[in-house]
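Please read them with the structure open.

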Amino acid sequence: MECKFVFSIRYNHVGYGVALPKIFYVAAPVAAAVSGGTFCILDESGKVALEGSLGRRGECGYTGETVFAGDFSSLAVPGKYRISVKVLGEGEIALFEGQTRLFEISDEWIRRQLKANIKSFFFQRSGVELPVEYVGKWARPAAHRDDALEFHPIMERNGVWNAHGGWYDAGDYGKYIVNGGVSVATLLLACEMNHGDSDILGGKSFRPSFELPASLLDEVRFELEFFLRMQDEDGGVFFKVTPGHWDGFVTPADSDVMQKRYIMGKSTTSTLNFAGALAQAHRVFRAAGGHQNKSFAEKCLAASLRAYRWAVENPKADWPHNTEGSGGYGDEHFDDEFFWTRAMLYRELREDAPLGGDPETVLAEDMAKNPAEAGLSWRDTQNMGWIALALNDDTAPAAVKLREKARAEIVRVADKILKLQGEDAYALSIRRFIWGSNGEIANHALTLLVAYSWTHDDRYRNGAVELLDFIYGRNPVDVSFVTGSAWSSPEHPHHRICHSDGVLEPFPGLLVGGINSDRQDMHRKPQYPSDLPGFSYTDERCSFASNETAINWNAPLTAVLAALSSSL
Ligand code: 9MR
């Protein structure tokens, strides 16, 4: 199939930060004999604000393009601008002339997107009414109360269980502890990081500054209350709440009438996702101050400890192999989840953490077994452990030693990310477009900003900004991947609520999975624009492999925007 893109200007469709890097690309067909090019930045009235020339960045294997770059970082006057380019061939013949739409130079757009992103979690709430004063035309009645669910037949267990609340995972109506755990933990990290590096315990800073129905901390608590309900009497944590069969594109209220929902499974991974997230919640809620937060923090820590003990006694409890009505989130490697939990418990309890041995020795073994990755994922969670230790402000010598080691490890992967970005035409650090590639990209940006939080090395922050540029439009498919963020944003995400609520536009602030060269949805006949891997995205409801939204992709984006906005 011929690629529909010929020459294209690829840029951040939303905006660029005032004092941050401002780089755009021009993608040309490889066959075009480009000799160079020039650009100018025009302000809203068409006046030239800056002029420059294009430099060759390199060939892009996954799109079949040659990519050129223009840099207008020195333009630091807030306002609305467009880019105008002229690409030249041999003999100075113009091969292409074009202009972009208007975009912003401001810091405000970063805060605006942060707010939208936080609010998208409110939109994902299950079991409660979303009133019109908070969500306008997207209001919906309470459904899926889930307060007296039977156990799925595979569990062979009688009785009912209250699993009220929590976020829907994605475009489906399932609620999962694996994935919910890494998502809520990432948002807790956003609270920690937004507080500035001298005081990493925070979360409070969101309260006065965001005119949301709930602050980020309140939103996080909504999920954590659901988590607490998912803990069994013996300390183990149920795996998921699932409808009996996959829902159609119906509202939560209709799904409630049409389908029975169940509690399903209890695994080592779900129990450790819970334990890791709740130990971190102890830190964040205690630091938020106030009697209520403090007693909630204590409750979280006690629940975390009970869960950890269960996991130690049940170190190989498998995930429920049933995907008749919800996703699998199957993971057979538990070392990373153990490390995550132990690091979090150590940060809260120091030497008293019941890690089955001297905590420093146990953690040193965990570190050796679980090298950091460029980013977190629902499956590979060890970075949570590394980050907890790296951000530990404990001045005890053992904690300082672990902190230094963790910081060096995070800097190692951050440097690797930068190197990979430097070698890629679109400044990406991923080497394959998987399901949820935007989540992976956001997670790499988060690693860079974690490294930035103590190094203050601008290269890390700049790398993160370039990854954000990709998410907001500087990509092969010319899409700003967050709903409602720009003219090019997804309009038809694979999301049951968005497609059944009778509102034309999807709720704003939802990050979709993005380019996915595995295209697991081909049987649904999506119209991908080209066969090349870099064009594996389509804004169609049927494309669950490229156009779904999920909490574990939104969470790192929230954390990145939170960390970035607090660094400005
Ligand atoms: O994000 C998950 C991805 O890594 C897996 O490859 C995929 C298939 O198992 O599932 C994705 O997660 C989905 C989950 O199973 C159910 N809710 C929607 C999630 C996002 O598509």
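Which residues are around the ligand?

1. The residues around the ligand are D169, A170, D172, Y176, G327, G328, Y329, W378, W435, E548 and W553; a residue is listed if one of its heavy atoms lies within 4 Å of the molecule. This is a predicted model, in which local features need pLDDT of at least 70 and side-chain atom pairs count only at pLDDT 80 or more, while totals for chains, interfaces and linings use all residues. Residues are numbered from 1 along each chain as its sequence is written, and side-chain values use heavy atoms, with hydrogens and water left out.

2. D172 places a polar side-chain atom 3.1 Å from a nitrogen atom of the ligand. For W435, a polar side-chain atom is 3.0 Å from an oxygen atom of the ligand. The side chain of E548 has an N or O atom 2.9 Å from an oxygen atom of the ligand. The ligand taken alone exposes 460 Å², and the protein buries 77% of that; these areas come from the Shrake-Rupley method with a 1.4 Å probe, and for residues only the protein chains shown count as cover.

3. Strand 7 and its partners. Helices (H or I, at least four residues) and strands (E, at least two) are DSSP runs, numbered from the N terminus, and two strands pair if DSSP finds at least two bridges between them. Strand 7 (residues 65-71) runs antiparallel to strand 3 (residues 23-29), joined by 7 bridges. Within that pairing, F68 in strand 7 is the bridge partner of V26. Strand 6 (residues 55-60) also pairs with strand 7 in the antiparallel sense, over 5 bridges, and C60 stands opposite E65. Strands 6 and 7 form a hairpin with 4 residues between them, and G64 in the turn has a positive phi of about 65°.

4. 5 strands form an open sheet in the order 12-11-15-14-13, with mixed pairing. Strand 12 (160-161) and strand 13 (175-176) each have a single partner strand, so one side of each is left without a neighbour in the sheet. Strand 11 (residues 149-151) and strand 15 (residues 261-266) pair in the parallel sense over 2 bridges, and F151 stands opposite I263 in strand 15.

5. Two helices. Helix 1 (residues 108-123) has 16 residues and spans 23 Å from its first C-alpha to its last, close to the expected 22 Å; the expected span is 1.5 Å times one less than the number of residues. Its buried residues include W109, I110, L114 and F121. Helix 13 (residues 437-455) has 19 residues and reaches 27 Å, close to the 27 Å expected. H456 follows helix 13 and has a positive phi, near 55°.

6. Salt bridges. The structure holds 29 salt bridges (a side-chain nitrogen of Lys or Arg within 4 Å of a carboxyl oxygen of Asp or Glu). R10 and D478 form one of them, with the closest N and O atoms 3.3 Å apart. R10 lies in strand 1 (residues 8-10) and D478 in the loop between helix 14 (458-471) and helix 15 (551-567), so the pair ties together parts that are 468 residues apart in sequence. R10 is buried at a relative accessible area of 0%, and D478 is buried at 16%.

7. Further charged pairs. R412 and E409 meet in a salt bridge at 2.8 Å, N to O. They are 3 residues apart in helix 12 (residues 397-423), a separation of about one helical turn. R412 is partly exposed at 39%, whereas E409 is buried at 12%. D518 forms a salt bridge with R432, the closest N and O atoms being 2.7 Å apart. The two are 86 residues apart, with D518 in the loop between helix 14 and helix 15 and R432 in the loop between helix 12 and helix 13. R157, D232, D234 and K266 are linked in a network of salt bridges.

Terms used:
Buried < 20%, exposed > 50% of the residue type's maximum accessible area, 1.4 Å probe, protein only. Polar contact = N/O pair within 3.5 Å; in protein donor to acceptor, adjacent residues only side chain to side chain.
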